[in-house]
Amino acid sequence: MAIFEYRFSVSEVVSAFECEMHFYLKKKGFNVNFYYGSSNVGTLVHKVLDRFAKDFMEPSLFTAMVSTDNLSSLDKFIVEKLYSILYYEAKEAKNINKSHEHRKLNADFELAWKQLEAMAVYFLEYSLGRSSEEITNAFMYSEKHFELPIIDSVIISGKFDLLMKVQDSIKLIDYKTRSEDIENDIIQLTLYKLGIERSIKKSVTPSVLYISKSEVQEISFSDEEVEEVLKQIKLKVAEMIDCLEGKRKPIRMSEPKVCQYCSARKLKICSSKDQ
Ligand code: SF4
């Protein structure tokens, strides 16, 4: 059995492309992270969509409650299901947060609901003209862990959002509640695709769903794009190993647009020179 000396998460690999120093500090044990806005909403939406997919995978629950021949019944089912899960999750969050945070939670709830309404339209469009059996079988896995050996001595681990059957193909879906960031998202989706294909032994098409208040925009990546990005990932991972082993110095990005979100700057662990 292969022995893997290094274990990286998918988000750590993505962070190495954003800033090698950030990656290096994290792997050396510093508590550094990138903090982007509206993470509460993103977490809430992800939790709801995970629960929703898992409920869909329960044929008894789904077929007992909805007639797929009737469009308004299906629409009502999807919307009510998403709303009830959101309500439950938001209530749970309120229980663990202090009262002065309630106002913020209400705003998060409103924004999360707008995004989930956009996802309801996406799921409804997918379900049109399909039997209840096809719909319940469509949701294959939600929030599943995988491991992927990437180069000698390095294994990548991660968790993808959703695997869904669409006609004869299998779609690997990642939800994003922020604006487009194709450069980073294709790195993430490449690793997810290879990780899940290794596990299920079938080819999958990676897609990102950018969920906004009013719509869901879907972007899929081709095999050629994935192959090209994989070469870059292998190179970057090898360079990072050299950094960790002291054969090369990690490069500081020093870009205000990246550094402003990095906790290393606030913690004064990194004094990026342009800041
Ligand atoms: S502050 Fe900027 S240069 Fe320093 S580790 Fe963070 S992202 Fe990199």
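**View 1. Strands S5 and S6 pair in antiparallel fashion through 5 bridges.** In this predicted model, S5 covers residues 205-211 and S6 covers residues 216-220. Ile211 of the pair sits opposite Val216 in S6. A hairpin of 4 residues links S5 to S6. In a regular strand, side chains alternate between the two faces of the sheet.

**View 2. Helices H8 and H9 cross at roughly 100°.** H8 runs over residues 182-200, and H9 over residues 223-244. Their axes come within 9 Å. Angles of 65 to 115 degrees count as roughly perpendicular, so H8 is roughly perpendicular to H9. Two packed helices are described by the angle between their axes and the distance between the axes.

**View 3. Residues from both helices build the contact of H8 with H9.** H8 contributes Ile186, Ile187, Thr190 and Lys193. H9 contributes Glu225, Val226, Val229, Leu230 and Ile233. Sorted by class, the contact holds 6 nonpolar residues, 1 polar residue and 2 charged residues.

**View 4. The whole protein has 11 helices and 6 strands.** The protein has 275 residues, and 32% of them count as buried. Contacts between residues at least 6 apart in sequence were also sorted by separation. Of these, 69% join residues at least 24 apart.

Conventions:
Residues are numbered from 1 along each chain as its sequence is written. This is a predicted model: local features need pLDDT of at least 70, side-chain atom pairs count only at pLDDT 80 or more; totals for chains, interfaces and linings use all residues. Two strands pair if DSSP finds at least two bridges between them. Helices (H or I, at least four residues) and strands (E, at least two) are DSSP runs, numbered from the N terminus. Axes are lines fitted to C-alpha atoms, for helices over the stretch in contact, and angles run from 0 to 180 degrees between N-to-C directions. Angles under 35 degrees count as roughly parallel, over 145 as roughly antiparallel, 65 to 115 as roughly perpendicular and the rest as oblique. Two residues are in contact if their C-beta atoms, placed from the backbone, lie within 7 Å. Ala, Val, Leu, Ile, Met, Phe, Trp, Tyr, Cys and Pro count as nonpolar, Asp, Glu, Lys and Arg as charged, and the others, Gly among them, as polar. A residue is buried if 20 or more other C-beta atoms lie within 10 Å of its own, exposed if 12 or fewer, and partly exposed in between; C-beta atoms are placed from the backbone.
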